[in-house]
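Biologist: I am new to this one. Could you walk me through it, a question at a time?

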Amino acid sequence: MRKLVLFLFCSLFLFSCVSSSNSSGDISGLWVDEQERLYFLDEDGSLGIPDRTALSGVSWTLNNGVLTLATMDSPGGEVKEQKLILRQAKAGSLELTDADGAAVVWKKSRAKVGKLEGALFYRERMALPPEVVVSVQLYPLHSPMPVASSIMPASGNGRIPFRVYYLEQTIKGPVRLAASILHSGETLFATQTDEIISIPGTPEVLLYRTMPGENQLPPLKTPASYSGKMKVSGKDVTVHLYLEEDGLALLTQDGDRNQYMGTWMEKDRNRTIEVTRGALEPVTATREAGGNLLLNGLSAQPIELKKANIPWPSKGFLMEGELRNEGGKPVFSECNSQRDIPILPSGKGYAQLSHIMQENGNASIVLEGKMQNGHLEASNVFLVQKGGVCSTENYASAPLLQTYWRLREMGGKEVELFPEQSEPHLILRENGQASGSDGCNNFFMNWQRDGEKLTFKEGGSTLRLCPQGEEQARAMHEMFAGVDEWNISGSMLELREKNSIVAVFEAVEM
């Protein structure tokens, strides 16, 4: 709170020192920051990020010396804002300060930005919700990697305008366009096949109605492994992603011993894989029809990962976790994945771990080891701290309260959706009340939380007859009655009963 007050005070103070000629029009144009990221401040207040397809600009404003950038990173996400204090504006540069007080310098870029404007339309006579999200991607004719994208909130019916900013140097000739209209993370309309369009142009793109589950991909078959390349300081670095049957994931990079173990889960009707890595922000991988993945969140540009039949790394890598004594034997609980991993006595570090356990009991450790058939072979231990508490906390991309939680799985089975019926979901309010739908009837009830403990109390519901899904709706209410614990991992909410996961919910935009 003190940091926010200080930020606002500094912004007002610095604004008085900035020339009054610094209107919105004075700073419009294409800027590049010290990390070579581009920001196109359009004159009408629209924001373009033409060099990144994993992030889309929405708008920008300059008020009282504070430059606010609004962006979106997924069609099911929410608009995020970044605030920068404008200290000084010159002809070729902007001197700014971020919310942490660090100096930021933007310089004018000589790159050329193009602007593709058109409209999406559909033939069905139906009204859209008050606010939807329009997603548009541009692809080269013979490449699966997008060169430009736009994710924007929109409103209206029948005909929805769109705009995509792109670097002129990346597009030569016609491109493929894929588009969709979404609400609460669900696709309402989409292109059936990519449209071939000319640039420049003003395309009118026909979208088709999609029904719940229509574009759902089959569950991913595991174990699965993938490999791809990304640029680091101008050099190609190999990236590997391993997905195990029990939800364990490993993300590795060449030359980096600090590999990232975590957990994975399919979301967005199996179109996206989300890998959570403890305190690190989750990365997501979009599944493609051919079996490859587009990995977002590890670098500025998506990384194409191709299906590969590769074993887990044979070389050791660093892991952080808790060492515990169970029946006189050491057990390692890896922090990021929160998994108990059996330790092989064949490793050189086994005797060292046994000694640490005898001397300290529970302890936090950093060790070097490798995985073999789901077991850990420890080679060396580098850091020991008494207490056995992980130094990381799970990254939560969605808060427990006031989030629209869509039911994905219940009792280990995927939830079924039915045409013309609402989707099962849950919303927890701050006043201890909860509401939602069981897939047919709306319900309300009370809930109570104490740390990781969570319980629900009986409430009420509407009494409509359910054409389909009555058994699933009844099972949902029975599930709530037994819940005693909760956990958020990435954008997934797990409800548990006696340490077993009984339901998994996915956070989507309300």
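**Cavity and confidence**

Biologist: Which residues line the largest cavity?
Modeller: This is a predicted model. In it, the lining of the largest cavity is made up of Phe 418, Gln 421, Asp 438, Gly 439, Cys 440, Gln 468, Gly 469, Gln 472 and Ala 473.

Biologist: How many of those lining residues are nonpolar, polar and charged?
Modeller: Gly counts as polar here, and Cys as nonpolar. Sorted that way, the lining of the largest cavity has one charged, three nonpolar and five polar residues.

Biologist: How much space lies in the largest cavity?
Modeller: The structure holds one cavity of 30 Å³ or more. The space in the largest cavity is about 30 Å³.

Biologist: Where in the chain is confidence lowest?
Modeller: Over the chain, the mean pLDDT is 83, and 89% of residues reach 70 or more. Strand S3 (residues 47-48) has the highest confidence, at 96. The lowest, at a mean of 46, is in helix H1 (residues 2-15).

Biologist: How many helices and strands does the chain have?
Modeller: Take the secondary structure of the chain. The count is three helices and 39 strands.

Biologist: What percentage of the residues in the chain is buried?
Modeller: Buried means under 20% relative accessible area. The chain has 510 residues. The buried share is 48%.

Note on methods: Residues are numbered from 1 along each chain as its sequence is written. This is a predicted model: local features need pLDDT of at least 70, side-chain atom pairs count only at pLDDT 80 or more; totals for chains, interfaces and linings use all residues. Side-chain values use heavy atoms; hydrogens and water are left out. pLDDT is the predictor's confidence in each residue, from 0 to 100. Helices (H or I, at least four residues) and strands (E, at least two) are DSSP runs, numbered from the N terminus. Buried means under 20% relative accessible area, exposed over 50%, partly exposed in between (1.4 Å probe, protein chains only). On a 1 Å grid over the protein atoms alone, a cavity is a set of points where a 1.4 Å probe fits but cannot get out, and a pocket is an open set with protein on both sides within 12 Å along at least five of seven lines; lining residues have an atom within 4 Å of a point. Grid points are joined across faces, edges and corners, and a volume is the space filled by probe spheres set on the points.
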